[in-house]
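Trainee: Please show me how to read the features of a model, one at a time. Start with the spaces inside it.

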Amino acid sequence: MTQIRKAIIPVAGFGTRLLPISKAIPKEMVPVVDRPLIQHVVEEALAAGINEIILVTRTGKSAIEDHFDAHFELEHSLADKGKDALLETLSAIAPPKLKITSVRQANAKGLGHAIHCAAHLLDDGEPFAVILPDVLVKPQVGSQECDLGSMVERWDAQGASQIMVEAVAHEEVYRYGIVDCDEPKAGESADMRGVVEKPKPEEAPSRLSVIGRYVLPYRIMELLADQPPGAGNEIQLTDAIDRLMQEGQTVQAFRMHGRTFDCGHIEGWLKANMMLAREAGFDI
């Protein structure tokens, strides 16, 4: 089974739910405690054993690429002043094993379209991960377990696509994509029968919502190539995943162990900063 080496991170969105913070800076560069949101997400990929990142971006987002680039003048200044700790902090942003490539999404045509923009950067038949950067996925306090890493391990062992899910309150299911499957225990997977986008509570097949972490086969790229527009007249990744299941391929819902912070809106971003700052030892 081909191993997962690459993760596609779509960063071309406008970040309207974070306005006015995101008016002049990319939402992915908004800080969560001591580093931008995108750095948290890339660190998650590295912890899962994925060292090649493909950013699907657009004009006005160059700060994301700059963040992971070298800054000779700054590094030289810090070295001259003997600020070795800060130099180490900068070096940790982009360790030598990390490879970052970017590709432009010229027109916003949906998540499925954004993912397909990176198809030419995959080898033929190569599986890949997708990480949506709005949501932080963090281990439980005192744990080092990486849920994305567990999904990659399950792909390696079984060759089944993995979709990360977490349980939400019954009355909240209308806000999420909800999977249809027998409910797995935390850290385990179950075969999916389908996924329903924002169902009414009385019609929801489960309480398991899609988080924004996927491990998928190359076949998804082939399906996205001719995927017709769906909800919102956009090319939807979930539609391609449904077609994958209709072809008889196994797609599993992986129930996460850790915690999520939806930093795509102000309340979730504030919660992430408060909770993670306290855990990091900041007195706030």
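Trainee: How many nonpolar, polar and charged residues are in the lining of the largest cavity?

Mentor: Ala, Val, Leu, Ile, Met, Phe, Trp, Tyr, Cys and Pro count as nonpolar, Asp, Glu, Lys and Arg as charged, and the others, Gly among them, as polar. Here the lining has seven nonpolar residues, one polar and no charged. The model is predicted: local features need pLDDT of at least 70 and side-chain atom pairs pLDDT 80 or more, while totals for chains, interfaces and linings use all residues. Residues are numbered from 1 along each chain as its sequence is written, and side-chain values use heavy atoms, without hydrogens and water.

Trainee: Which residues line the largest cavity?

Mentor: On a 1 Å grid over the protein atoms alone, a cavity is a set of points where a 1.4 Å probe fits but cannot get out; a pocket is an open set with protein on both sides within 12 Å along at least five of seven lines, and lining residues have an atom within 4 Å of a point. In this case the lining consists of I163, V179, M192, V195, V210, Y214, T238 and I241. Strand 10 (189-197), strand 11 (208-216) and helix 8 (237-246) are the elements that give two or more residues to it. Helices (H or I, at least four residues) and strands (E, at least two) are DSSP runs, numbered from the N terminus.

Trainee: What volume does the largest cavity have?

Mentor: A volume is the space filled by probe spheres set on the grid points, which are joined across faces, edges and corners. For the largest cavity it is about 40 Å³, and the whole structure has one cavity of 30 Å³ or more.

Trainee: Which residues lie nearest the centre of the largest pocket?

Mentor: They are R17, L132, D134, V135 and D262, out of 50 lining residues. The volume of the largest pocket is about 1800 Å³. Strand 11 provides the largest share of the lining, five residues. By class, the lining of the largest pocket has 22 nonpolar, 14 polar and 14 charged residues.

Trainee: Which element gives the most to the lining of the second largest pocket?

Mentor: That is helix 1, with four residues; helix 1 spans 37-47. The second largest pocket holds about 520 Å³ of space. Its lining has 24 residues, with H40, V137, K138, P139 and Q144 nearest the centre. The classes are 10 nonpolar, five polar and nine charged residues.

Trainee: At what angle do helix 3 and helix 4 pack?

Mentor: Two packed helices are described by the angle between their axes and the distance between the axes. Axes are lines fitted to C-alpha atoms, for helices over the stretch in contact, and angles run from 0 to 180 degrees between N-to-C directions. Helix 3 (residues 72-80) and helix 4 (residues 84-93) pack at about 150°, with axes 8 Å apart. Helix 3 is therefore roughly antiparallel to helix 4 (over 145 degrees; under 35 is roughly parallel, 65 to 115 roughly perpendicular, the rest oblique). In contact (heavy atoms within 4.5 Å) are L74, E75, L78 and A79 of helix 3 with L86, L87 and L90 of helix 4. Six of these residues are nonpolar, none is polar and one is charged.

Trainee: Which residues does a cis peptide bond join?

Mentor: Most residues other than glycine have a negative phi, and most peptide bonds are trans. Here a cis bond joins L19 and P20, with omega about 5°. P20 sits in the loop between strand 1 (6-10) and strand 2 (31-32). V33 has a positive phi, near 65°, and lies in the loop between strand 2 and strand 3 (35-36).
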